[in-house]
Every structure is written in structure tokens, then in C-alpha cells.
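Please look over the structure below. A short report goes with it.

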Amino acid sequence: MIRFDDVTVTYPDAEAPAITGATFEIPEGELVLVIGSTGAGKSTILKSINGLVPHFTGGDFSGRVTVDGRDTRTSPPREMADLVGYVGQDPVAGFVTDTVEDELAYGMESLGVAPDVMRRRVEEALDLLGLAHLRDRPLLSLSGGEQQRVAIGSVLTVHPRVLVLDEPTSALDPPAADEVLAALSRLVHDLGMTVVIAEHRLERVVQYADRVVLIQDNQIVTGAPADVLATSPVVPPVVELGRLARWSPLPLTIRDARRAAIELRGRLAASTWRGGDSPSATQVAGAVTDLVPSYDGVPALRKVSLDVRRGEVVAVMGRNGAGKSTLLASLAGLRKPAAGTIFLAAGIGLVPQEPGDLLWAQTVAAECRDADRDAGAADGTTRALLAELSPGIPDLQHPRDLSEGQRLALVLAIVLARRPGLLALDEPTRGLDYATKRRLIATIARLAAGGCGVLIATHDVELVAEVAHRMVVLADGEVVSNGPARDVALTSPVFAPQIAKVLAPLPFLTVGEVKRGLAAAG
Amino acid sequence: MTHRLPRLLHPGAWWLWATTLAIAASRTTNPLLLVAIIAITGYVVASRRPASPWSASYAMFLTIGLVCIGVRLTLFALVGGAPGTHILVRLPVVPLPHWMAGVRLGGPITAEGLAASAYDGLRLGVILCCIGAANALTSPRRLLKSLPGALYEAGVAVTVALAFAPQAVAAVGRLRAARRIRGRHDRGVRRIRGLAIPVLEGALDRSVDLAAAMDARGFGRNGAATQRVRRTTAALTLAGLLAMVASTYGLVARSAPAGLGVPLLVGGAALTAAGFIVGAKRGGRTRYRPDPWRLPEWLVALTGIAAATGVLLGPARELWPSTYPLVAPPLPAVPFLALLVAVLPAWIAPPLPRVRAAGSTTAARSVGSRQAVRVAS
């Protein structure tokens, strides 16, 4: 269905090609997962399928991409629109109209589909993606998961043979992500559509994949998921566990891993290791009491009380719109409380969902200088912090050209220059690959060990399992659970990380803990 | 009469109705007729405006209209210049240098002059009211959706531009939050520069993203007309619109030559229509659930046209009541009765659809997420 023939792409002003000599084939009716580290060229591969590369991005393009026999060199994206549906990383950026129904119809209008057919297809798409109750709603009033489903629906209505999605679940809470992935897998199985997905959070998608395309060091490996993941540098925790325990074939799903883990569970049950110790400090770094942030209409939080001790890492979870971001914003003083009190022992540093919002200088060096001045810190403080968090970023780089991980490091350095007693992170792992995530986890652990309180709003259960001491679950603006992360994670199927699901009822959350447990078992 | 399902009237019908009323208003200074037009538009808006953010625009335009009258009266009081014998008050005359000999600042204010400028201000205010009524009755986006094919590209450009404003507001909010987070307290030019550059950069990035998304979804794929058709369309439409703009001068200004008003308007409309017909032929695009144009639309448009015609037919003496000598304005029978026809859309237009009640939990959740987005994303 899709054939890449020795494709090399070099973007304008880039020194090295984004992808080199890519040659592979994707058969019809498969769900294909494109994986690789940040900057490996996943988005370039995806954009080449409908011709956005090179027609829209410019640059040097050699080789040939054909979809259903149509060559992207001669067919620009608009001529591929009936064949390939493309949904970019940020669904909102791709919305052309302003209500759900109009957005679903837009593509068909451009292709000149007959009005009665359009009407029927819109109704079908509304049902298929569970959007019927939202049909008149403005797009900007929808939650992230709903927006993502509208974006998928808006390309589905033209009945493409191929659907291409760039990180469709990265902004979604676990249930919303499952919703989107279930819809995609239904498209593959019921309609025989070919679906190509790039995704960092492999733990969510790999069980749906029929084939994996791995981009690594300019090499492209394709094959069955189990074969490719056996050697891949990016793997979900369950595969990491499988590698550690030397299971063969490598399990990709929780079910397979549980079956393979009977012997491992026996060994771990005999282990003396029973969880790490939580911080003993009792000094509060930041707290809210009976907080109701200012609102109009519906309060985002309803009398929430929560405290973060020094040295403690607290994760706030809950579905999109549960009030996580509002809690962080209120703590940072961006929202005035309508009721309740906010206490901060030594200030707060907030890293917002879009870290790029905090960057406005032209170079990294200028950004660091500004941050020193804003924070009243000694010259070079921010630069030194940055060098510690992410070494090797050149001074004259434009902040826009940094990778996701580097940008996050720069924003962290800027925020930390103010020496806050509490660090608040809003969705910090969005768009990060596993290696960058590991570095972030190490940074958070180090800051906490240094006595900083850390509050993380996230959907990433694996991050929580790695780093959080306590987990708070918000629903509709109320705290529905608040306890040690291990207890909450082990008792809730939604918030349990993969390792916990495989090893339940044993209290292991991460592969690192399993290693320690095995070591303690001798 | 058959059962009438609730639906929104075609935006074009409302605009025709409002424009014809505005034309009627522009052809008279009789305060009785002008006040009648305000009452008519006010009543129709009150009974047929949908619950949308735009529906408040009638009150807004009404306020602007009142300001117009106020400004007109103030200017008259200061500069004066109209003839009259009934002096109400005498303001002190401000001496001006001799090279401004024709201008007089201050001096007597006459009842005649005051009435003349009040009539004039009222006329402008009522025209604004009519535009406000059209805005309140239809959303500008629905009007753009109903634009004829020849204006499609222009419509897209306006739609994209309309989306810029709320996005820019959101971006400014995010940037101000970011500055608070970084603890920066700039003032003045530095602060504006610090906000403006990232907002514009963001808008530029977004427009590139949007262009890519539109291209990927087939925008401009079938719209390729031959160059000749494109040029004919553009020439006809442009000439027609220009003629119509020129005709408004002829219609509004009493001193304009007689041939300038109605003939230019009709000719311009014909040219534009021809342009639309030629432009529509290239096809290739279809429209999802277009607003239908049925009997109520025809009737609403006709009531407007009838009202305007009635006013245009009125005797000039009654349409432009004398202010020198000052007389009580007469009530012209034909124009007044014709205007009353224009209130009928309050019943002719189909009843408004009730806004679908969203499930309470979804609504609550969406509001929560919207607030979260506004603050932190």
C-alpha cells in the first residue's frame, strides 16, 4: 500500500538529512507503529506519506514514495487528500472551521462530495467516534480527547485508504487514549484501513500494532513488533521486563507477560525487598486548604486541600479537565482563589504544559541572562543549571530549534534559578522519548533529594511509578484519592503501571524495582 | 399553514431585510419614521435573535448610534452655522485668527439648527441600528458560509482572520502567565515588545500549520478554473461591487445627481450577480448542509424591499421635514404603513431552534478544561 524507495530528505538549512535511504513497504490493512528517539525522523516519514514533505516543507527530496501507486512527487498533498488522511501532533492547529459538524464536513466539501453523501458520512463518523452529543459544540470548548477524536473523524469522512497520525495520544489521559486507540483498531479491523502511527508512549499502542518501523541511527528496521522491539533502544516497560527475565518470545501485552511471569513472581515473592522508603521530612513546601479558584460558571476545583512536603514528589492525576492544571496555576498565583488559602514556604517554580511559552529570547545565552536578571540571581546561575541538566547546548542556539528534551531542560533551569521551595510540573513528559524521560526522572529525584517539594500533574502512569511518593487523583474538581503512590497504583487498574499489572499482587512498579527485588532475593 | 419546524433563517435574508431598512432610513430625516424603524428592528431582534455571542450586538450598535447623535449635536453647538431665528442660548464666541474667517466657534444656538442636526444624527444612528440588527440576527460565520462560490477564497481569508483574534487573546493570556512565572515585571515599551513579538510569531506559526492542514485536506484541489473564467469573475464582481459602493453615495447624499443612486445600485447588483453566476460554474466544491432559501426567506426579504420602496415613494416634503421654518414633522401615510410591513418577519421567520441541552457532566467538564487551558496550556 505504502512504499518508500530509497528516500532521503534534507530540510532547508539543515546540515544532515532528516532521513537517509529509507526503503520499506507497508501492506494494506495493517496498523503500523513508527518508533524511534526524538529527532530520528518519525514525523518526516509520516509527512512524506501524504506529500507534505517535500511539497510543504521544502528541502531536498530524493527517492520515491508511492501510496496505492500514486507518486507523492507528482501529487501534492491536496491530490492525496482522498487517499491519505493526516492528523498532525496538535489537533487544534489543524482545525479549519469552528464547530464539530463543520469540521467533519470540511474535507468532503473540498473534494466535492455530494451533499446527501456528506450528510450520511458525518452522521456515521459522529457515531463511530462517539461524538454525536458534541455535534454543535465549538471545537475550542472540547477536551483534548474529544478534539483528537474530531481530528480523526474529520479525515475519516473522506474515506481515505490510509490514516496517518502523529502522536495521537500524547496529550490524552489513559481512558481517552484507550478510546482513541480502540477507535483506530476498529478502523483497521472493520474497514481494512491502513493506519500509520508515530508514538512515544509505546506502552499504550504496541499491543495494537501489526508491524513496527524502527528508525535508529539512520537505519530503518521493519518487522513484527516482538522481533523489532527485541533490539530497539525504545521499548515499553513490559518489554524491558521481558528482556530482563529473558522471556522468548518477547511478550508485548500484559496478558502474555503475566503468563510468562509465573516463575518470576515466585522468585520475587521470596524477595525481602518491599518498596523504597518515603521521605521523612515534615516541613511543608507548599499547601492549599479548601481551595476554590476563581471561576465563572463551574468551579474547576471544589474545596481541595493538599500539601507537598519538602523532598516529596506528589503526582496529581485525573482525566483531562479534572482541574490538575488549575491547581498548579493557583499555586503559582496565576489564578486568584475565590475561597481557601494557599501557602508556599519558599516560592514556587511552575513549568507549564507548553514550556516554550516561557522562552522569548533569540538565543539560549540571552535567555539565561534574562532569567538571572528576573530571578535576581548571580550571573551565570541559569547557564550553570542548564549545563547540569542537559550538557552541550550551544550558547547561540535559538530556543525554538532545541529538541523537546533540551527545551524542557532550559525551562527547568530558568525556573530553578529562582530557587523555589516547590517545583510544579504540568505534563512534563508530553512528547519526550524514553531516554529524555529517564533524564527528567533522575533530575526530579535529585531535586527532591535536595529538599525541594515537587508537584507533577500528569497522565503518565509510568512516570508516576518511577518518581512519585504520593499520588493524588482528582475527578471533577474533587480529590478522590490521596495516598502513597504505590498503594494507589496497585489498587487502581487505570493508574497501575505495566509492571504492577504483570506482577500483581506483588508491590513492584518499575523494572528498576524488579532488579532490586531480584538482587534482594539472591 | 403547514407546521413550521424551528430553524434559523438564511443569513442572507436577514441582511437583505436590514440593508433595505437602512436604505429606507438613509432616504429620510423624518424623526417619526426613523423612530419607527428603531422600534421595528428592536422588536424583530428581540423576537428572533438566536442565543449566540453576537446577539448582544444590537444593543451595542444602538449605543454607538446614540453617541453619533450626541457628537453631531455637540459639533453643531460648537460650530453652529445653521440659519434660524429661535435662539435658545448664546454661547460666548471664541475669537479665531483671521485666516479662519469662514469658521465661527460658539455663538447663538437656534432651535432650527438643533433640530436639523438632531434629525441628521438620528438618521445615521438608525442606519447603524439596522446593521446591528443584522449582526444580532445572524452570526458573521454563517454569512461567510453562505457566500457565493465566486467569493469563496475571500471568505476563507476572512474566516482565518476572524480566528486570529481569539487565538491572539489566548496567546497574550498565556504569555502574561509566563511572565508572572518568570517573575518579570516590565513596563511600557519593553513589555509591549515582549508580548507582541511572541504573539505574532505564534500567529505566523499557526497560519503555516493551518495552511498545511488545509492543503492536506484537499483545499484548492478542484477549484482550478480556467484563467479566463477566473478573470471574468473577478472583473464582473469587482465592477459590480464598486458600482454598488458608489451608488450608496448617490442614495445617501441629497445633493448627488439623480442618476447616481438607484440606477447604479441596480446596475452594480446585476454585474455582481453575473460575476457570481460565472464564478459558480467552476464547481468542484460542495457545501455541507447549506442554509436553505425557502418561502420565509423570500417573504422576509420582500418585507424589507416593500418598506424601502414605500419610503422612497413618499413625498419629499414629508420625508425631509422642514427645520426652517421649524414645523412639527408630519406623519407620511404611505411610508409609515410600508415600514410597518417590515415588522412582519417577527412572525414570518421560523421559530428559533432551542439550544441542545448538553449533558450536565460533559458541560461541567468542558468548562473546567477550558478554564484550565486558558490558564496553563
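## Model and conventions

This is a predicted model: local features need pLDDT of at least 70, side-chain atom pairs count only at pLDDT 80 or more, and totals for chains, interfaces and linings use all residues. Residues are numbered from 1 along each chain as its sequence is written, while chains are lettered from A and ligands numbered from 1 in the order in which they are written.

## The sheet in chain A

Chain A holds an open sheet of six strands, ordered β6-β7-β8-β3-β9-β10, with mixed pairing. Helices (H or I, at least four residues) and strands (E, at least two) are DSSP runs, numbered from the N terminus. Two strands pair if DSSP finds at least two bridges between them. The edges are β6 (84-87) and β10 (219-223) of chain A, each pairing on one side only. On average, neighbouring strands of this sheet are turned by 15° against each other, direction ignored. Axes are lines fitted to C-alpha atoms, for helices over the stretch in contact; angles run from 0 to 180 degrees between N-to-C directions.

Strand β9 (residues 211-216) of chain A pairs with β10(A) in the antiparallel sense, over five bridges. In β10(A), I220(A) is the bridge partner of I215(A). Helix α6 (residues 144-156) of chain A packs on the sheet and touches β6 and β7 (162-166) of chain A. The direction of this helix makes about 160° with that of β6(A). Contact between two residues requires C-beta atoms, placed from the backbone, within 7 Å.

## G132 in chain B

G132(B) sits in helix α4 (residues 111-137) of chain B. G132(B) counts as buried because it has 24 C-beta neighbours inside 10 Å. The classes are buried at 20 or more other C-beta atoms within 10 Å, exposed at 12 or fewer, and partly exposed in between, with C-beta atoms placed from the backbone. Leaving out residues up to four places away in sequence, G132(B) touches S57(B), Y58(B), M60(B), F61(B) and L62(B).

## Domains of chain B

An automatic or database domain assignment sets the bounds. Chain B is divided into domain 1 (1-144 + 292-377), domain 2 (147-221) and domain 3 (223-289). The contact takes five residues from domain 2 of chain B and eight residues from domain 3 of chain B.

## The interface

Here 47 residues of chain B are in contact with 64 residues of chain A. On the chain B side, α6 (152-182), α7 (188-216) and α14 (360-376) each supply at least two residues. The most comes from α14(B), with 12 residues.
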